[in-house]
Amino acid sequence: MDTDQAPFLTTSTQGIDMIEGDITLPSNRTNSNELSTLDEPVLDTIKRDLGAVFRKFGYAVIPRHSSTLLQQWDLWGPLILVTTLAILLQSNATKSSAGAQFAEVFTLMLIGSIAVTVNSQLLGGKISFFQSVCVLGYCLLPLLLSAFVNNILLYIPTKSTISILHIIRFLVVMAAYAWTMYASVQFLGQTQQPNRRMLVLYPIFLFYFLIAWLIILHAHPK
Amino acid sequence: MRGNQQTTSLESGLPTVGSIVWAAGRTRAQQAFNLYANLDYLRPYFDVEPKDVIQRLIRSLVPRGSSREENIKPELYGPSMIAFTLAAILIYQMKLSSHSVQDGTLIGTSFLVCFGYWIGSSFAISSFSYVCNTQLSLMQILSINGYALFGHCLVLFLATFIHTSHDHFLFYGLWLVVGGLAAIRMAMVITSRTINPQYRVLLGLLIIFVHMAFLLYLHFAYHQLAENVAHALNNEPTAAVKLPVKPTISIVAEIPSVKNLTRQIRSNFKNSSKIISTTTLNMTAKA
């Protein structure tokens, strides 16, 4: 026991100063950020997260230059919007195909996001899958509003096949589509070199175009 | 480190065999994943300018072979976007005809059909061309085949949005002209790299057959029903309309008219099959 405690090399000098102190740092805000949000009251968390979601909706509706959507992405907005859109696009379906119909919009969203992410990464951009789900989902808000208007307009009875009503519906959905494209171009178009922007924007254009046509084609079961 | 798993045995403090195997397996799997599933391998194939893409799209319909010295730079951006567009057109047509798929979703089917055809037929053509000693790599064939699908997109798009009374003739005309041009272009490019003349003829015929047959399949599986629904329920043979079939989906739900609809679809199908048999006979007579 004594030999263990003897130093390996004996030196006569005492030149090395002993450094003493505590390893634990006093807790400041940045270090204990994750821990502190666990302890806060639930209402604070809900208020903060809801505020973030509504702020992002605001960015999607009135697009302006900001990197909030990309850097602080969250998936609440896309979940709410895609679920609502899937409910609005339900049409006359049998029991077995109702589930598949509901899942269509989700599948479309998933495949669209994968396509946009892979395309953007391969063309040199730096965007991750969840960021693109976030942006594509939040920018769906104008199309969702047009789907609401579409469903309301469908309740007005019309006799001829091509009437002014159908033209109004078409124009409303196309206007919402243009608005959506403008919003997502503001967020996703910035991540690319300028002469290759069209290459990145084409899958987004196709994705929203398909959703816009699904909305236009939707008719009420009578 | 005290984790949840027993990484160190209690007696000697050395790591357990199980944990060594797990760590080694994980690093091997990660290395394999980084090696093979790396997106960076596809990056050079996406290095393209928009005007190049447009130029290639237009050139895919011009039947001109390529000389043996010309190096075709394979790119995958154009073909994958064309495959996505074709899948979107198929989804639109399936929605128009309320095509219900029992297993799997509508969207999954159309993506599977488009991408499966593109990749599968490219593999098939590249194996045949390997046998026939053609100097083209798989990536080049993938790119040429993908651009040839642009003709399919055009035909289906035009046939979906233009509804006249002579829809059958419109479709078959477009099938012959546009599909034929794209098929001939692809066949000429691939056969110009083959030396043996008999193999050339064989390979050319195979490519043209596969290309045209796929467009016919897309027409009968997805487009035909939408066309018939539009005709049967609109009762307006010469209405060139912007939104042709919106009201028809609601009317299909009414039960009494469904019998008339099925009768009409069956009669249309019989007429079209007669037309097909005569056209195929004519084609084989000319070839």
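**Figure 1. Crossing of helices α9(A) and α10(A) in the predicted model.** The crossing of α9(A) and α10(A) is right-handed. Helix α9 of chain A covers residues 164-188, and its axis comes within 10 Å of the axis of α10(A). The two axes cross at roughly 155°. Because angles over 145 degrees count as roughly antiparallel, α9(A) is described as roughly antiparallel to α10(A). Helix α10 of chain A spans residues 197-217.

**Figure 2. Crossing of helices α5(A) and α7(A).** Helix α5 (residues 76-88) and helix α7 (residues 129-138), both of chain A, have axes that come within 8 Å. Their crossing angle is roughly 45°, so α5(A) and α7(A) are oblique to each other. The handedness of the crossing of α5(A) and α7(A) is left-handed.

**Figure 3. The largest cavity and its lining.** A search of the whole structure finds five cavities of 30 Å³ or more. The largest cavity has a volume of about 160 Å³. Both chains contribute to its lining: from chain A come Leu108(A), Ile111(A), Gly112(A), Ala115(A), Val116(A), Pro203(A), Leu206(A), Phe207(A) and Leu210(A), and from chain B come Phe84(B), Ala88(B) and Phe111(B). At least two lining residues each are supplied by α6 (95-122) and α10 (197-217) of chain A and by α3 (77-96) of chain B. Helix α6(A) provides the largest share, five residues. By class, eleven lining residues of the largest cavity are nonpolar, one is polar and none is charged.

**Figure 4. The second largest pocket.** The volume of the second largest pocket is about 700 Å³. It is lined by 26 residues, of which Tyr202(A), Phe205(A), Leu206(A), Met81(B) and Thr85(B) are the closest to the centre of the pocket. Leu206(A) also belongs to the lining of the largest cavity. Helix α10 of chain A supplies at least two residues of the pocket lining, as do α2 (50-59), α3 and α5 (138-161) of chain B. The lining of the second largest pocket divides into 23 nonpolar and three polar residues, with no charged residue.

Figure 5. Residues 105-123 of chain A are 95% helix and 0% strand in the model, with end C-alpha atoms 27 Å apart. For residues 129-155 of chain A, the chain is 89% helix and 0% strand, and the end C-alpha atoms lie 39 Å apart.

Terms used:
Residues numbered from 1 in each chain as written. Chains lettered and ligands numbered in written order. Predicted model: local features only at pLDDT ≥ 70, side-chain atom pairs only at ≥ 80, totals over all residues. Heavy atoms only, no water. 1 Å grid on protein atoms, 1.4 Å probe; cavity = no way out; pocket = protein on both sides within 12 Å on 5 of 7 lines; lining within 4 Å. Points joined across faces, edges and corners; volume = space filled by probe spheres on them. Helix = DSSP H or I, 4+ residues; strand = E, 2+ residues; numbered from the N terminus. Nonpolar A, V, L, I, M, F, W, Y, C, P; charged D, E, K, R; others polar. Axes fitted to C-alpha atoms, helices over the stretch in contact; angles between N-to-C directions. Parallel < 35°, antiparallel > 145°, perpendicular 65-115°, else oblique. Left-handed = near helix turned anticlockwise from the far one by under 90°.
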